[in-house]
Amino acid sequence: MLRLDRVSKTFRTGSFGGRELHAVREVGFEVAQGEVVSLIGESGSGKTTLGRMILRLAAISEGSITLDGVDVARQKDYYRSVQGVFQDPFSSYNPIFKADRVLEMIRQRFFPSMGAADWRGRVESSLAAVRLDPGGVLGKYPHQLSGGQLQRLLIARALLLDIRMLVADEIISMLDASTRIDVLNLLGELKGRGLGILFITHDLSLGNYVSEKTVVLRSGRVVEMGRTELVFGNPLHPYTRNLLGSVPRLHRRWSEEEDAPEEEATCFYHGAAGSDATWPGLVEAEPGHFVGCATSGTCAPALELVR
């Protein structure tokens with residue numbers, strides 16, 4: 001459904017734009033219908049920049065993003081199929097207007113000729129899909145609703161368009177634990193209806209819980225990608241192993257954690273696995289499991305190749 005091929009983003013920096021910042025470098029992956037793909041990485045790894053490019057909020061510098069094989073930049077009704085929900089639900093609303101104004105804006109843009117009764121039915125159906133009571137949210141101001149209600153209202157807004165793809169950028173990072181599980185279960189229900197979801201997060205446990213496929217991003221590059229059970233169960237890239245090793249254990253204090261001896265990085269990309277990659281910069285180390293160079297081209301096998 002949605003495919004990224006060698007997507008890169010370069011920003012000009014400095015007083016006169018004389019320097020370049022490579023925020024995203026040759027990223028490629030797919031999101032299929034009815035699939036949740038987690039895009040995982042630390043802050044500054046390029047996750048949100050990728051999400052913005054998919055939503056056409058930022059132009060790509062190189063590569064292509066296609067929906068059903070057609071470049072998204074050439075699709076006039078792209079937003080009928082793809083929508084996004086962002087990290088801070090409060091910043092998505094104008095506090096001087098009632099919260100359901102975001103729904104009315106969809107009507108004005110996409111359904112200007114729809115009658116009031118039909119629109120009311122559509123709104124109520126969309127709210128029911130995200131488990132919101134119309135009487136509890138319609139006509140209320142943002143400060144009168146909780147963060148979880150505001151976030152689900154934004155998802156309901158997207159569902160008004162019968163979308164096929166949702167970009168969910170850190171949508172639960174500002175919610176409390178009890179509300180998080182409600183939103184995660186909602187994403188699971190939407191996936192069951194055939195919606196493709198790109199779940200952008202820095203929380204590995206959430207990505208493991210919700211997704212079928214995981215993409216690990218570091219410094220704008222994909223370093224590991226594949227079925228979630230393979231990436232989490234058999235991490236092959238040192239960065240992925242470090243991320244998993246940094247997850248706090250529920251019944252252990254930090255003071256009780258023992259420092260593991262530092263391993264020599266094994267590079268599957270330039271070493272035993274060969275160098276013919278299905279995706280740019282990645283090699284299939286096992287079926288459905290792709291990994292990149294362990295040290296971004298400075299590993300021992302890579303240096304041997306250039307000697």
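Helix α5 passes helix α6 in a right-handed crossing, a crossing being right-handed if the near helix is turned clockwise from the far one by less than a right angle, and left-handed if anticlockwise. Helices (H or I, at least four residues) and strands (E, at least two) are DSSP runs numbered from the N terminus. The model is predicted: local features need pLDDT of at least 70 and side-chain atom pairs count only at pLDDT 80 or more, while totals for chains, interfaces and linings use all residues. Residues are numbered from 1 along each chain as its sequence is written, and side-chain values use heavy atoms, with hydrogens and water left out.

The two helices pack at an angle of about 15°, with their axes 10 Å apart; axes are lines fitted to C-alpha atoms, for helices over the stretch in contact, and angles run from 0 to 180 degrees between N-to-C directions. Helix α5 is therefore roughly parallel to α6. The residues in contact (heavy atoms within 4.5 Å) are tabulated here.

| Helix | Residue range | Contact residues |
|---|---|---|
| α5 | residues 147–159 | G148, R152, I155, L159 |
| α6 | residues 177–192 | T179, V183, L186, L190 |

Nine bridges join β1 (residues 2–13) to β2 in the antiparallel sense, and V7 stands opposite V27 in β2.

How values were computed:
Pairing = 2+ DSSP bridges. Parallel < 35°, antiparallel > 145°, perpendicular 65-115°, else oblique.
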